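Me: Can you walk me through how this chain packs? Keep it short, I will ask as I go.
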Amino acid sequence: MSDAPVSTPPAERRTQAERRAESERRLLQASAELIVERGLELTSLADIGRRAGASHAAVNHRFGSKDELVDRLIEQAGEYYAATARGRLRGLTGIDALMELCALYLDLVDGPDPIGRVHVVLWSEAVAHTAERRAAHLDWDRRLRDFIETLLQDAVAQGSVDARLPVPQAAISIVGSLRGIAMQLLLDPGQTDLSTAQAALDVMVRDALRPR
């Protein structure tokens, strides 16, 4: 039996694009963690670099400014929500898809990944800032409302929602309810039971929307 050492194949080298993507992922994760912990105004690009194990220069090179960082974080949050929704809403339609979307939204806000809740913190801070800072949040909200409107229209067509429902206004009310519960989860988590809040929201929305 040979005593020659068994050679192991060399580790596959990552491409430059893969290294850039991994670097951005670490920076965005560090950004989300810090912003959730202390807010955007008290989070510097240097803080983000230290948390991610990167230099201040690397953060500046990747994002350039806080506004660019915020835009990318909101985009990342949108991608995270969309990817999760594609899995959880598969096979659901109408009112059932709408209520699963509501549950998904709150689950991600309350979940372990800060990307799932950072947009709520950024949204609350943006209200008091310039129109430029609010623009990215408005786009995120409008896309969420548009999706909710689509689910409501499907439910109307199926007959599970009142045909006289003012769909755009109902979508605004649903987003407002989700935002309110999300803020309670962040501000007073000890007094906010997520499962109870989700169950109450489900009952209220279904009752408000059912055909009369």
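Reply: One definition to begin with: a nonpolar core is a set of buried Ala, Val, Leu, Ile, Met, Phe, Trp, Tyr and Cys residues joined through side-chain atoms within 4.5 Å. Also, this is a predicted model.

Me: OK. How many residues has the largest nonpolar core?
Reply: The largest nonpolar core has 59 residues. L73, L98, Y105, I148 and L152 have the most contacts inside it.

Me: Which helix gives the most to this core?
Reply: Helix α5, residues 94–110, with 11 residues.

Me: Take L73. What does L73 touch?
Reply: Not counting residues up to four places away in sequence, L73 touches L28, S31, A32, I35, I115, V118 and L122.

Me: V118, where is that, and is it buried or exposed?
Reply: V118 lies in helix α6. With a relative accessible area of 0%, V118 is buried.

Me: How far apart are V118 and L73?
Reply: They are 45 residues apart in sequence and 8.0 Å apart in space, C-alpha to C-alpha. Leaving aside neighbours within four places in sequence, V118 is in contact with A32, I35, V36 and L73.

Me: And V120, what does V120 touch?
Reply: V120 also lies in helix α6, and V120 is buried, with a relative accessible area of 0%. Not counting residues up to four places away in sequence, V120 touches Y105, V109, A182, M183 and L186. V120 and G180 are 60 residues apart in sequence, and 9.9 Å apart in space from C-alpha to C-alpha.

Me: How many residues of α6 are buried?
Reply: 10 of its 12 residues are buried, so α6 is mostly covered. The buried residues of α6 include I115, G116, R117 and H119, as well as E125 and A126.

Me: What span should the 12 residues of α6 have, and how far apart are its end C-alpha atoms?
Reply: Helix α6 covers residues 115–126 and should span 16 Å at 1.5 Å a residue. The end C-alpha atoms of α6 are 17 Å apart, which agrees.

Me: Switching topic. At what angle do α1 and α3 pack?
Reply: At about 100°, with their axes 11 Å apart. Angles of 65 to 115 degrees count as roughly perpendicular, and α1 and α3 are therefore roughly perpendicular to each other. The contact is made by E24, L27 and L28 of α1 and by V59, R62 and F63 of α3.

Me: What about R72, what is R72 in contact with?
Reply: R72 is found in helix α4, residues 66–88. Leaving aside its neighbours within four places in sequence, R72 is in contact with E24, L28, F63 and E79.

Me: Is R72 buried or exposed?
Reply: Buried means under 20% relative accessible area. R72 has 16%, so R72 is buried.

Me: Last one, α2. Why is α2 said to be largely enclosed by the rest of the structure?
Reply: Because six of the eight residues of helix α2, residues 45–52, are buried. They are L45, A46, D47, I48, G49 and A52.

Me: What do the buried residues of α2 pack against?
Reply: They pack against α1, α3 and α4.

Me: And which residue follows α2?
Reply: G53 follows α2, and the phi of G53 is positive, near 75°.

Key:
Residues are numbered from 1 along each chain as its sequence is written. This is a predicted model: local features need pLDDT of at least 70, side-chain atom pairs count only at pLDDT 80 or more; totals for chains, interfaces and linings use all residues. Side-chain values use heavy atoms; hydrogens and water are left out. Axes are lines fitted to C-alpha atoms, for helices over the stretch in contact, and angles run from 0 to 180 degrees between N-to-C directions. Helices (H or I, at least four residues) and strands (E, at least two) are DSSP runs, numbered from the N terminus. Angles under 35 degrees count as roughly parallel, over 145 as roughly antiparallel, 65 to 115 as roughly perpendicular and the rest as oblique. Contact means heavy atoms within 4.5 Å. The expected span of a helix is 1.5 Å times one less than its number of residues. Buried means under 20% relative accessible area, exposed over 50%, partly exposed in between (1.4 Å probe, protein chains only).
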